[in-house]
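Please keep the sequence and the coordinates in view while reading.

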Amino acid sequence: MNPAQDPIAAVLLAAGAGSRFGHRPKSLLQRDGQPLLARQIALLAQAGLERIVVVLGHHAEQLAPVVQAAHRTLPTGVKLESVRNPNPDVGPGSSLRTGLAALGPELQSVMVLLADQPLLQAADIVAVQQAWRARGEGVDLVMPTHEGQPGHPLVFGRALRQWLTEHPDTTGVRDWRRTHPERVQALPVDHPRTTCDIDTEADLQALAAEHGVQLHWPDPASAG
C-alpha cells in the first residue's frame, strides 16, 4: 500500500487516576454537556479515523458506559472498542502498549491522543494526519508543537511501534523521541489546542479565564 494511503488507527488514552482531582476521572468532565471522552471519540470520527481504541484503567467502570454510548452515535464503518490496562500506574507507556496490542500489527500508522484535551478540534486531528502523510523521508514520528511544547495528537509508524515492543512498559514515545530527534517532524501550530490538557482545578480556572471554556462535573446521578 502507498504510505500516503496507509490507514491510521487511533489510541485514545483514558486510564489515569485523576489523583489531583481527588481521584475523579478527568475525562468525565463535560464541555457543553458532553463528557470529554465522548467529545474526543466524536472528533476522531469527524476527522476520518475509522479504528479507535480507548484505553481505560482507573475508573474503567465509570468510563465504559461513555464509550458504549459514543459507539451508538458513530457513523457506519467506524470501529470503536475499549480495552483495560491492568497496570495503569506503570504510566502512559503501559497504556499505549495496551492499545497497540488491541490494534494488532497490521495497522502500522497510529495516532495517539489524550482524553482530557478540551480545546481540540477535528481540524487539528486532520492537520496532523496530513502532516504524517506528507512527512519527509526517514521521519517516524509527527507531532504538533506550540511555542516549543510538544502536544497531541501525534502519529507514528512501524519503527517506533517496534521500539516499543522491545522496551519496558515504563518507557514511552517521549523516551524514543529524545534519543531519535532526527526522526521526529514537528508540526508548529499557532494555538494551544494540541497542548492544553487538564490536571488540576487551577487548570479549569485558567481554561475559563483564557479561552472562555467552562468544564463541569456531571451530576452524581448521571455519572454512571
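Helices (H or I, at least four residues) and strands (E, at least two) are DSSP runs, numbered from the N terminus. The model is predicted, so local features need pLDDT of at least 70 and side-chain atom pairs count only at pLDDT 80 or more, while totals for chains, interfaces and linings use all residues. Residues are numbered from 1 along each chain as its sequence is written, and side-chain values use heavy atoms, with hydrogens and water left out.

Helix α3 covers residues 92-103. Its twelve residues reach 17 Å from the first C-alpha to the last, close to the 16 Å expected at 1.5 Å a residue; the expected span is 1.5 Å times one less than the number of residues. Nine of the twelve residues are buried, so α3 is largely enclosed by the rest of the structure. Here buried means under 20% relative accessible area, exposed over 50%, and partly exposed in between (1.4 Å probe, protein chains only). Among the buried residues of α3 are Arg 97, Leu 100 and Leu 103. Pro 92, also in α3, is by contrast exposed, with a relative accessible area of 62%. Pro 92 lies 7.0 Å from Gly 172, C-alpha to C-alpha, although the two are 80 residues apart in sequence. Just after α3, Gly 104 takes a positive phi of about 85°.

Helix α2 (residues 60-71) likewise has twelve residues, and reaches 16 Å, close to the 16 Å expected. Its buried residues are Ala 60, Leu 63, Ala 64, Val 66, Val 67 and Ala 70. They cover an arc of only 160° around the axis, which puts them on the same side of α2; the arc is that of the directions from the helix axis to the C-beta atoms. An α-helix has 3.6 residues a turn, so residues three or four places apart point the same way. The buried residues of α2 pack against β1 (8-14), β3 (34-35), α1 (36-46), β4 (51-56) and β5 (79-84), where contact means heavy atoms within 4.5 Å.

The pockets come next. On a 1 Å grid over the protein atoms alone, a pocket is an open set of points where a 1.4 Å probe fits, with protein on both sides within 12 Å along at least five of seven lines; lining residues have an atom within 4 Å of a point. The largest pocket has a volume of about 1200 Å³, the volume being the space filled by probe spheres set on the points, which are joined across faces, edges and corners. Its lining holds 47 residues, of which Leu 13, Pro 92, Leu 114, His 152 and Asp 197 lie nearest the centre. At least two lining residues come from each of β1, α3, β6 (109-114), β8 (149-150) and α6 (173-179). The second largest pocket contains about 200 Å³ of space and is lined by eleven residues, including Trp 132 and Arg 135.

Most residues other than glycine have a negative phi, and most peptide bonds are trans. The bond from His 152 to Pro 153 is cis, with omega near 10°, and Pro 153 sits in the loop between β8 and β9 (154-156). His 23 has a positive phi near 60° and is exposed, with a relative accessible area of 52%. Asp 32, in the loop between β2 and β3, has a positive phi of about 55° and is exposed at 73%.
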